[in-house]
Amino acid sequence: MNNTFNLVWLIPTLPLLGFLINGLGRKSLSKSASGLIGSAVVLGSFIISIMTFIQVKQGHTGVIHFFDFLRVSGLKVAFSFQIDQLSSLFLLIITGVGFLIHVYSTAYMHDEEGKDFAKYFAYLNLFVFSMLLLVMGGNFLILFVGWEGVGLCSYLLIGYWYENNNYTDAAKKAFVMNRIGDLGFLLALFWLISKTGSMEYSQVLNAASLAKLTTFDITGITLLMFVGATGKSAQIPLFTWLPDAMAGPTPVSALIHAATMVTAGIYLIARSNILFSSALITQQVITIIGLATAFLAASIALKQNDIKKILAYSTVSQLGFMFLALGTGNYVAAVFHVLTHAFFKALMFLGSGSVIHAMGGEQDIRNMGGLHKHMKVTSITFLIGCLAISGIPGFSGFFSKDEILAGAFGYNTIIYGVALFTALMTAFYMFRLYIITFTGKFRGTHDQEHHLHESPAAMTIPLIILAILSIIGGYIGIPEVLGGHHELAHYLSPIIPTAHHSLSHQTELMLMGLSTALVLGAITFAWIRFRNFKAEQSNGGLSSFLENKWYVDECYEWIIVRPIKKASSLFQHILENRIIDGSVNGVGKLVNYGSRQLRWLQSGQVGAYVLLMVLGMLLLFVIQFFVS
Amino acid sequence: MGTYFSFPDLFIWLPILAGLLCFIPALRNHGKNLSLLFSLIILGVSIASLFFTNDGKYLSFNHVSYIWLKYLGANYYIGLDGVGRSLTLLTAIVFPLIIGSGYKKEVSSSHSFYGLLMLSQAGLMGVFMAMDALSFYFFWELALVPVYFLASKWGGEKAIASTFKFFVYTFAGSLLMLVGIIYVYLHTGGRTFEDGTIAPHSFSLSAFYQASLSVVEQTWLFIVFFLAFAIKMPIFPFHTWQPDAYDQSATPVTMVMSAIMVKMGLLGVFRWLIPMFGQADHLLYHIATVLSVIGIVYASFLAMVQDNVKKLVAYSSIAHIGLMSAALFSMKKMGVQGVFLQMFNHGINIVGMWIVLDIIERKTGIKKISELGGLAIKAPALTIFLVIISFANIALPLTNAFPGEFMLLNGLYQYKPWLAVLAGLGVIFSAVYTLNMIQKVFYGTVKESTSEVSDIEINEKIVLSVIVLIIFVAGVYPQPLIDLTKASADQLFTIIK
């Protein structure tokens with residue numbers, strides 16, 4: 001490789017360095033030092049990522065080989081980075097949004113003790129490192145290294161307040177559910193290796209390698225990869241960990257559980273789009289799962305009262321939209337939505353953190369209200385986030401969501417209908433959240449009201465930047481129908497072939513108009529319904545079904561967890577203790593018994609021994625006689 | 001020939017010398033220091049052995065052969081091949097770690113404790129290097145006897161019973177193996193020694209590989225040897241001696257058993273069983289593979305319900321060994337190389353695990369998961385080590401166990417995908433019970449049992465740091481360890497073809 005990318009190795013190495021410094025020096029570093037180091041290393045990565053992005057934009061791409069990670073019996077896996085359009089884009093998201101969240105954290109986590117504060121930044125840096133490996137890796141194995149690495153960091157950060165058992169339960173659940181998906185991913189890799197003998201993108205993701213695979217192979221491999229993606233990106237059936245993951249500090253939720261890690265599944269599929277495009281069954285499965293997840297999570301979000309839980313279900317739902325896009329072959333739209341979602345969802349999570357900060361830890365929106373007049377920056381930026389996610393024209397979410405919906409319309413009208421309805425629910429629950437939280441009268445305690453304040457600059461400035469990005473972020477993908485050139489699609493075209501648009505401009509415009517009108521209607525409905533909000537009792541039926549999240553957790557408990565526990569204890573008490581060990585001991589007892597019966601043989605009388613000896617020899621002779 | 005110096009000799013005689021010195025009355029009080037010193041020297045020798053893999057012009061570094069029982073055709077023949085080098089390295093690394101981690105702990109009649117410990121090292125080293133069936137059997141038993149005494153004399157309250165079971169069980173296996181060895185021996189060709197003596201049969205490894213055995217005989221002998229090795233590893237359903245033995249033995253002894261002794265069974269399989277009985281009914285290989293995989297799932301299930309943290313680790317180890325054994329019997333090159341790699345890394349990780357658990361047990365007197373909690377508050381350094389070692393134990397990428405596990409599962413997948421799926425359940429379950437253990441023991445609030453706990457001592461810190469260093473180095477750059485044993489795998493596949 002020429003020296004175009006001679007700084008690229010620093011992109012993941014800087015956060016790793018930050019992790020080591022903060023991790024090893026956690027006892028001696030002051031809070032401002034560890035915050036500074038933690039943020040500075042990510043800023044460094046961000047600057048190099050921008051430089052890299054510019055290089056790639058000028059047409060330089062390449063694979064940087066460091067050393068061979070594994071070389072064994074015909075399989076060669078390099079430790080290498082692939083710098084191209086897709087990875088350079090993700091680099092910007094991860095390090096850019098990541099840096100803002102690091103800065104935000106220095107203020108948000110300020111009440112932590114010094115060494116815990118350093119530990120927090122160490123974990124956060126480690127996460128950025130792993131996530132960078134995930135997107136930079138030049139083959140599926142390095143991707144998997146990062147893939148499991150981000151799972152580890154997610155586990156560590158969800159369980160950051162480890163004294164609370166519920167939190168560590170949530171951390172455990174996240175890791176285990178991810179591992180279920182990871183097994184699928186691993187099996188996909190084995191399958192791929194067995195057919196193509198490689199895991200390098202450069203060798204696997206091309207037409208020649210595709211020719212080695214039968215339809216059955218491709219379907220199997222892609223389905224298994226998708227299983228991996230459902231774990232990491234919280235899709236049905238492995239989505240229930242993500243809402244629980246809100247136990248972690250709020251900036252963590254913004255970075256890991258909204259903007260970056262959970263989009264790893266989308267990255268994986270976008271990266272391997274050549275495989276997925278040839279697997280029709282897989283595409284159908286992804287479409288249906290994505291849509292179902294989007295719908296299910298949005299319906300649950302309608303009835304949640306915990307500000308972070310609403311955002312979490314909203315994330316699950318938006319991820320579902322991205323998968324819907326992937327399933328309909330609309331890879332660019334999925335990546336586009338990853339980008340815009342990273343902005344507006346990170347913004348809203350950080351905004352919710354600002355609210356929680358002001359409310360002294362309170363997360364129930366029923367106890368909030370009227371916060372707008374106390375914290376204007378948070379309120380206005382949050383509103384921008386709501387407008388963006390709802391898909392109001394002019395805001396970033398409009399462009400990416402509209403592209404997904406248009407793709408769905410071209411695919412199947414029913415799917416489009418459900419997706420549109422989900423988009424309406426999205427607008428509705430987001431504005432429910434906004435209206436209940438920021439407008440009306442304050443419903444909390446007097447003490448809380450007294451404490452209400454806008455957050456410090458370290459928190460509001462990231463909010464403002466993200467709010468700006470949530471508005472302008474969409475302009476890199478203005479469709480032709482609106483007179484744009486869809487810069488993003490052009491940029492990504494070497495990795496993702498541009499899809500042919502089957503829709504006429506007229507239809508597209510009509511769809512945009514329809515969804516915009518309906519979304520505005522949904523927002524108005526939310527305004528009418530919640531403007532005079534009073535904490536109400538749940539009124540049973542459907543609403544308690546939604547409040548209880550479709551009882552999915554309960555189902556898993558009954559169908560999977562309990563039977564496994566039951567089986568384990570049965571194995572222990574019956575199979576292990578009685579049958580297997582019992583028979584081992586039984587053999588022992590038998591020998592014991594037998595030797596007691598034969599004790600008379602050792603009588604101590606020489607005569608008897610001689611007799612036995614002679615008899616024995618006679619027996620041997622007889623045997624030999626017959627044998628020969 | 002002029003063999004004045006060779007690594008195999010040093011690996012045998014240095015530990016024996018150390019062991020004997022410990023028993024000398026004048027040195028009674030120095031057992032610990034003596035054995036630490038010697039084990040470090042042996043480690044140095046072992047590292048040196050990695051760099052002198054070719055014999056010199058006048059010196060044979062890697063093989064030692066003396067005529068032993070001439071008329072029986074038996075040589076005392078030990079040598080280092082790739083796997084031998086890796087396993088002796090493991091043994092050489094583990095012993096100083098064991099001694100170092102217990103350095104501040106008082107052991108009753110320490111001279112005989114450390115003496116026996118060093119003698120067991122000699123036996124283990126011998127097993128890994130033996131190239132002659134009689135030498136092999138000799139060292140096999142030599143390793144067992146000191147460990148038996150160590151386990152029964154310095155164990156917990158139920159040690160006598162559990163050790164007796166361990167001894168009788170594995171000894172029964174050994175006897176089966178002896179019968180098998182004699183049977184094969186009687187079917188070997190003659191051997192001519194350098195001095196012209198001709199023996200009718202031979203105990204040499206190559207003669208055993210070429211023994212004239214019919215397919216039926218091979219099948220029977222496969223079963224006999226399989227039982228011996230299956231008990232040793234152990235694989236399901238021959239494993240019930242293990243949890244009790246691990247639980248009841250003194251921790252250093254448990255470490256020797258779990259990190260090194262279990263590898264004897266695996267070594268037996270690929271150095272003796274498979275090359276000798278390549279013609280045996282293939283169904284047997286299949287059954288052995290399936291049994292191993294069942295063992296993975298079964299042991300993982302059991303690990304999830306253990307309240308005794310030592311038994312949890314014991315069952316988790318059974319699952320790990322099961323994966324190695326499955327990959328071995330399924331006979332795919334990727335898997336076999338994975339076994340060679342993983343034997344080393346499993347040994348390192350499980351020693352780390354025991355060290356941490358031993359520290360906890362010593363500080364609290366408790367090994368029940370349900371009675372512990374909040375250690376992260378009281379002993380943060382210990383917690384960090386444990387978390388790293390645990391994640392290595394569940395084969396997180398960039399830790400040492402990942403490349404091996406990847407290769408093992410991949411090999412198994414090449415053999416039968418559905419077996420890889422089943423074995424893969426172990427990957428999930430291992431996360432469940434390991435994280436459970438971390439949560440219950442280290443997280444949460446401080447309990448009465450843990451309220452007085454202090455963080456770790458300097459010697460423990462050093463030892464654990466070494467382990468963590470190995471975990472990451474071997475995890476990020478595993479290739480040297482893979483290359484070390486590559487020739488052995490190639491050789492194995494040439495023999496059976």
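Author: Helix H4 of chain A, residues 114-136, has 23 residues and reaches 33 Å from its first C-alpha to its last, close to the 33 Å expected at 1.5 Å a residue. The expected span is 1.5 Å times one less than the number of residues. Helices (H or I, at least four residues) and strands (E, at least two) are DSSP runs, numbered from the N terminus. This is a predicted model, in which local features need pLDDT of at least 70 and side-chain atom pairs count only at pLDDT 80 or more, while totals for chains, interfaces and linings use all residues. Residues are numbered from 1 along each chain as its sequence is written, and chains are lettered from A and ligands numbered from 1 in the order in which they are written.

Of the 23 residues of H4(A), 20 are buried, so the helix is largely enclosed by the rest of the structure. A residue is buried if 20 or more other C-beta atoms, placed from the backbone, lie within 10 Å of its own; it is exposed if there are 12 or fewer, and partly exposed in between. Across chain A, buried residues make up 55% of the 628.

Helix H23 of chain A, residues 505-530, is another case. Its 26 residues should span 38 Å at 1.5 Å a residue, and its end C-alpha atoms are 37 Å apart, which agrees. The buried residues of H23(A) include Leu511(A), Met512(A), Val519(A) and Ile523(A), as well as Glu508(A). The buried residues of H23(A) pack against helices H17 (376-390), H18 (396-411) and H19 (413-438) of chain A.

Chain A has 26 helices and two strands in total. Its C-alpha atoms fill a box of roughly 110 × 65 × 55 Å, taken along the principal axes. Two residues are in contact if their C-beta atoms, placed from the backbone, lie within 7 Å. Among contacts in chain A between residues at least 6 apart in sequence, 80% join residues at least 24 apart.

Chain A also touches chain B: 37 residues of chain A are in contact with 37 residues of chain B. On the chain A side, strand S1 (62-72) and helices H5 (140-158), H6 (165-196) and H25 (552-597) each supply at least two residues. H6(A) gives the most, with 13 residues.

As for chain B, its secondary structure comes to 19 helices and four strands, and 63% of its 497 residues count as buried.
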